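Thanks for asking me to look at this one. Please have the model open while you read my notes.

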Amino acid sequence: MMPVMDGFAFLDRLRADASRNAVPVLVVTAMDLSGAEREQLQGLTRNVIAKGASTGVDLRSAIRDVLRPEAARRRAANA
């Protein structure tokens, strides 16, 4: 658990700054999320990984999936 604010508050603050809207977010949580919480995260994150239900391979794959489009976008911007 995060000590100062929960993940939902963090994402709200992150997304409140328009310059940070493009920051890719991958949530890794031990919480048992409700359907409403998953729906809320859908608009704010790229993916949500449940700690107990995922393996290290799943996490590595999710990280690659999040970073791959970012790397392509940076290369295009620098071209």
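1. A word on the basis. This is a predicted model, where local features need pLDDT of at least 70 and side-chain atom pairs count only at pLDDT 80 or more, while totals for chains, interfaces and linings use all residues. Numbering runs from 1 along each chain as its sequence is written, and side-chain values use heavy atoms, with hydrogens and water left out.

2. Fold. The protein chain has 3 helices and 2 strands, in the order α-β-α-β-α along the sequence. Helices here are DSSP runs of H or I with at least four residues, strands are runs of E with at least two, and both are numbered from the N terminus. Of the contacts (heavy atoms within 4.5 Å) with a separation of 6 or more, 36% join residues 24 or more positions apart.

3. Surface. The accessible surface of the chain is about 5,800 Å², with 55% of it on carbon and sulfur atoms; the areas are Shrake-Rupley values with a 1.4 Å probe. Buried residues (under 20% relative accessible area) are 20% of the 79 residues.

4. Core. The largest nonpolar core consists of 9 residues: Phe8, Leu11, Leu14, Val25, Val27, Leu33, Leu41, Leu44 and Val48. The helix α1 gives the most to this core, with 3 residues. Such a core is a set of buried Ala, Val, Leu, Ile, Met, Phe, Trp, Tyr and Cys residues joined through side-chain atoms within 4.5 Å. Beyond its neighbours within four places in sequence, Leu11 is in contact with Val25, Val27, Leu41, Leu44 and Thr45.

5. The largest pocket has a volume of about 430 Å³. On a 1 Å grid over the protein atoms alone, a pocket is an open set of points where a 1.4 Å probe fits, with protein on both sides within 12 Å along at least five of seven lines; lining residues have an atom within 4 Å of a point. Points are joined across faces, edges and corners, and the volume is the space filled by probe spheres set on them.

6. Lining. Of the 17 lining residues, Met2, Gly7, Val27, Val28 and Thr29 lie nearest the pocket centre. The largest share, 4 residues, comes from α1. By type, the lining has 13 nonpolar, 2 polar and 2 charged residues; Asp, Glu, Lys and Arg count as charged, Ala, Val, Leu, Ile, Met, Phe, Trp, Tyr, Cys and Pro as nonpolar, and the others, Gly among them, as polar.

7. Loop. Asp32 sits in the loop between β1 and α2 (35–42). Is Asp32 buried or exposed? Asp32 is exposed, because its relative accessible area is 76%, and exposed means over 50%.

Methods
Buried means under 20% relative accessible area, exposed over 50%, partly exposed in between (1.4 Å probe, protein chains only).
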